[in-house]
Amino acid sequence: MARALAARGIEILSTGGTAKALRAAGVAVIEVADHTGFPEMMDGRVKTLHPKIHGGLLALRDDAGHVASMRDHDIPPIDLLISSLYPFEQTVASGAGYADCVENIDIGGPAMIRAAAKNHASVTVVVDAEDYQAVLDALAANDGATPLALRRHLAATAYARTAAYDSEISTWLAAEVGDIAPRRVSFAGANPQIMRYGENPHQSAAFYQTSSTRAGVGTATQLQGKALSYNNLNDTDAAIELVAEFDGPAVAIIKHANPCGVAEAGSVLEAYQRAFDCDRVSAFGGIIAVNRPLDGATAAEIIKILTEVVVAPSVDADARAILATKKNIRVLETGGMPDPAARGRLVKPVAGGLLVQDRDFGRITEAELTVASKRAPSQAELRDLLLAFRIAKHVKSNAIVYVKDGASVGIGAGQMSRVDSARIAAHKARDAAEAMGLEQPLTIGSAVASDAFFPFADGLLTAIEAGARSVIQPGGSLRDPEVIAAADANDVAMVLTGMRHFRH
């Protein structure tokens, strides 16, 4: 960029480090210190904060008073500003210490960018390398000038950049001082991926990346397939977040952000087959996530039905070759798994405001369970209960999940009544049994999880009628004694978590 500007006879001002790099590349450059007559000081903290810089950027060229001030104080106009900010976001992401992060907060850069953007009637401001060519093309087409429409567009981009930069700084500082609800809050995203439309064709949509390095859809590389849609990304995020909950090889099949089958097994292939068996009908056209490298044997099973997206931490060569035979399948490689215990913020717009909360990082272990029933669960039941509760965390409320031998066998999601969720899950289990040629549904002898407490015994009794022999739920209802009594009356083991997992 500097070479192209110099070739047009444009004088280039630059600060020390950049000036050195330009000079080494053979580009003539005037150092800012020579231009202002004031040396850089305080380890470079003070260099561009000078009237000869800000006056040159801010002066209105058609204002006689401004022009006179420029003449009287020897302030030449600066017509083009190109500024890359100190790498604050990258410094934080690298895990650097507090002092290093503070040192990488740029002051002069944002000040110059805002000054140039304010005076876009006369000044062109560039903050992204992606805009270099557009500026060069405009200079070539307009005899060394830029059109006002372009300058306005670049000014908007510049203010968005400084806003995002300040947002990252304020968010980081708030976290450092433990301020969970700052007086003001902002959120930043970059590199928009424009969608054909949002949830529905009449809605426009885009996907913005944040500075978070947490593995997931934001860090994924698409290996093949059509462009991802808004719904694809939303569902894929739900899938990878769910499958990250498990320590052993696991597979989650997602449809409309709800799981229709989840399993943890000795291998990815076995986990996929058992997850698929939970609801073969809903799996058609779904999203499949695995928490281990995707192998060829599993890929060969996946392509037997229509699948929208496959997401995995990595995809081996055999799997890639097999998936490539189905060109429309979108295949994503995340490079890792999201940490389910990591904190983060979720933002939901409402009329006139924003709801902001921590992501649901809660996880229950066996040691945290309280046995409420007369019969304690066996170790096998405990394993299924914990798995069921982890799945329920990712099912829209009200949620009921039946699990047997490490795999979901019935999922009821998003009902206004917990009883209806239990019934729907049992109904799906009966359909699944019929599809597999079984005489009875796999809910017989299963563990069942509820994302929140049973307000009455009817929901539990519905699960018991479906064959559940153990139950996990948060507890905390005024009618807990009634619900526990119903479990005892049916020799059902019940454990309480003390933690609920509403998901709306």
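Where does Val 185 lie? I began there and found Val 185 in the loop between α10 (148–176) and β5 (190–194). A reminder to myself before going on: this is a predicted model.

**Entry 1: a nonpolar patch**

I looked up how open Val 185 is, and the relative accessible area came out at 39%, so I noted Val 185 as partly exposed. Val 185 also turned up in a nonpolar patch on the surface, together with Phe 187, Val 347, Leu 354 and Val 356. I wrote down about 380 Å² as the accessible area of these residues together.

**Entry 2: α4 beside α8**

Next I took helix α4 (residues 51–58) and helix α8 (residues 108–118). Their axes come within 8 Å and cross at roughly 25°. Angles under 35 degrees count as roughly parallel, and α4 and α8 are therefore roughly parallel to each other.

Which residues of α4 meet α8? I listed Ile 53, His 54, Leu 57 and Leu 58 on the α4 side. On the α8 side they meet Ala 111, Met 112, Ala 115, Ala 116 and Lys 118.

**Entry 3: salt bridges**

How many salt bridges does the structure hold? I noted 21, and I picked a few to look at.

Lys 52 forms a salt bridge with Asp 74, with 3.4 Å between the closest N and O atoms. Lys 52 is in helix α4 while Asp 74 is in the loop between α5 (64–72) and β3 (80–82), so this pair ties together parts that are 22 residues apart in sequence. Is Lys 52 buried or exposed? Lys 52 is buried, because its relative accessible area is 14% and the cut-off for buried is under 20%.

The side chains of Arg 423 and Asp 420 meet in a salt bridge at 3.5 Å, N to O. Both residues lie in helix α17 (residues 418–435), 3 residues apart, which is about one turn of the helix. Asp 420 is partly exposed, with a relative accessible area of 32%.

I also jotted down a network of salt bridges that links Arg 375, Glu 381, Arg 469 and Asp 491.

**Entry 4: α18 and what follows**

Then I went to helix α18 (residues 457–465) and checked for burial. Ala 457, Gly 459, Leu 460, Thr 462, Ala 463 and Ile 464 are buried there. What covers the buried residues of α18? The cover includes β16, α17, β18 (447–450), β19 (470–473), α19 (480–489) and β20 (493–496). After α18 comes Gly 467, with a positive phi near 115°.

Ser 470 is buried, with a relative accessible area of 1%. Leaving aside residues up to four places away in sequence, Ser 470 touches Glu 381, Leu 385, Ser 446, Ala 447, Val 448, Val 492 and Ala 493. Glu 381 was already in my notes from the salt-bridge network.

Most residues other than glycine have a negative phi, and most peptide bonds are trans. I went looking for exceptions.

Asp 74, the partner of Lys 52, has a positive phi of about 55° although it is not a glycine. His 256 also has a positive phi of about 55° without being a glycine. I placed His 256 in the loop between β8 and β9 (258–264), and at 65% relative accessibility His 256 counts as exposed.

Which residues does a cis peptide bond join? I found Ser 397 and Asn 398, with omega at about -5°.

**Entry 5: Asp 318**

I finished with Asp 318 in helix α15 (residues 317–323). Asp 318 counts as exposed, at 53% relative accessibility. The C-alpha atoms of Asp 318 and Ala 299 are separated by 8.4 Å, and the two residues are 19 residues apart along the chain.

Technical notes: Residues numbered from 1 in each chain as written. Predicted model: local features only at pLDDT ≥ 70, side-chain atom pairs only at ≥ 80, totals over all residues. Heavy atoms only, no water. Patch = residues over 30% accessible without salt bridge, like charges linked within 9 Å, V, L, I, M, F, W, Y side chains within 5 Å. Areas by Shrake-Rupley, 256 points an atom, 1.4 Å probe, with all protein chains shown as cover. Salt bridge = Lys/Arg side-chain N within 4 Å of Asp/Glu carboxyl O. Helix = DSSP H or I, 4+ residues; strand = E, 2+ residues; numbered from the N terminus. Buried < 20%, exposed > 50% of the residue type's maximum accessible area, 1.4 Å probe, protein only. Axes fitted to C-alpha atoms, helices over the stretch in contact; angles between N-to-C directions. Parallel < 35°, antiparallel > 145°, perpendicular 65-115°, else oblique. Contact = heavy atoms within 4.5 Å.
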